[in-house]
Amino acid sequence: MNAATATCRRCKSEMHLEPLSGVTGDDGGITVSFPRLPALVCGQGHRRFVRPEFPVQLLKRLSSTVQMPAGEARGVVFKSYHCGSCGTKLAGAAAGSKTFEFDVGLEGVDPFRVALMVPVYTCPSCGREQVRSLAEVADRTPAAMARAFQSAEIPPG
Ligand SMILES: [Zn+2]
Ligand SMILES: [Zn+2]
């Protein structure tokens, strides 16, 4: 499929590739932002993904790209979180939030930036600042992303 010749499903006019600015959504304390999200836009302002698989491809790419200092969860029923560096138990409350930025390249579009704002915990022993669990970040990212696309009025699929 050639993005340059796409036709809007709603008004049948021509769509072109245009980065949407400030697309943001959050879930469970995690915020995903796209300063310039590539999307197809028609003359009436209708929007849609560059291709239907775009969100799935983006999520996949993100899971192999995202790196941040992280702690580890221990326990099955009663979870506790420990420093990924020295193993000391992390405080129950986050020390604040930190934004991590990644450039993502997907077929057919220029690389674009993804920012993840996540709660970080400071190790009381070695002072390392980290998310308490990378799995937790990965679990919440899809819902935060879905909200970002909703707020930008990009219909699913
Ligand atoms: Zn349209
Ligand atoms: Zn530590």
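The model is predicted: local features need pLDDT of at least 70, side-chain atom pairs count only at pLDDT 80 or more, and totals for chains, interfaces and linings use all residues. Residues are numbered from 1 along each chain as its sequence is written, while chains are lettered from A and ligands numbered from 1 in the order in which they are written. The protein has 2 helices and 8 strands. Helices (H or I, at least four residues) and strands (E, at least two) are DSSP runs, numbered from the N terminus.

**Overall layout**

- Along the sequence, the elements follow the pattern β-β-β-α-β-β-β-β-β-α.
- Along the principal axes, the C-alpha atoms fill a box of roughly 60 × 25 × 25 Å.
- Of the 157 residues, 24% are buried. Buried means that 20 or more other C-beta atoms lie within 10 Å of the residue's own; exposed means 12 or fewer, and partly exposed lies in between, with C-beta atoms placed from the backbone.
- Take the contacts between residues at least 6 apart in sequence: 63% of them join residues at least 24 apart. A contact needs C-beta atoms, placed from the backbone, within 7 Å.

**Strand pairing**

- Strands β1 and β2 run antiparallel and are joined by 12 bridges. Two strands pair if DSSP finds at least two bridges between them.
- Gly25 stands opposite Val32 in β2.
- The β1–β2 hairpin has 2 residues between its strands, and Gly28 in the turn has a positive phi of about 55°.
- β2 also pairs with β7, in the antiparallel sense, over 3 bridges. Here Thr31 has Met117 in β7 as its bridge partner.
- Strand β3 (residues 47-48) runs antiparallel to β2, with 2 bridges. Val41 is bridged to Arg47 in β3.
- β2 and β3 form a hairpin with 4 residues between them, and Gly45 in its turn has a positive phi of about 85°.

**Nonpolar core**

- The largest nonpolar core has 31 residues. Such a core is a set of buried Ala, Val, Leu, Ile, Met, Phe, Trp, Tyr and Cys residues joined through C-beta atoms within 7 Å.
- Ile30, Val32, Ala39, Val118, Val131 and Ala148 have the most contacts inside this core.
- At least two core residues come from each of β1, β2, α1, β7 and α2. The largest share, 7 residues, is supplied by β2.
- Leaving out residues up to four places away in sequence, Val118 touches Ile30, Ser97, Lys98, Phe100, Val131 and Val137.

**Helix α2**

- α2 (residues 134-151) has 18 residues and reaches 25 Å from first C-alpha to last, close to the expected 26 Å. The expected span is 1.5 Å times one less than the number of residues.
- The helix bends by about 30° at Thr141, and Pro142 follows within four residues. The bend is the angle between axes fitted to the seven residues ending there and the seven starting there.
- Buried residues in α2 are Leu134, Glu136, Val137, Thr141, Ala144, Met145, Ala148 and Phe149.
- Their cover includes β1 (15-27), β2 (30-42), α1 (54-65) and β7 (112-122).
- Just after α2, Glu153 takes a positive phi of about 60°.

**Gly96**

- Gly96 lies in strand β6 (residues 96-104).
- Gly96 counts as exposed because it has 10 C-beta neighbours inside 10 Å.
- The C-alpha atoms of Gly96 and Thr122 are separated by 9.0 Å, with the two residues 26 apart along the chain.

Terms used
Contact = placed C-beta atoms within 7 Å.
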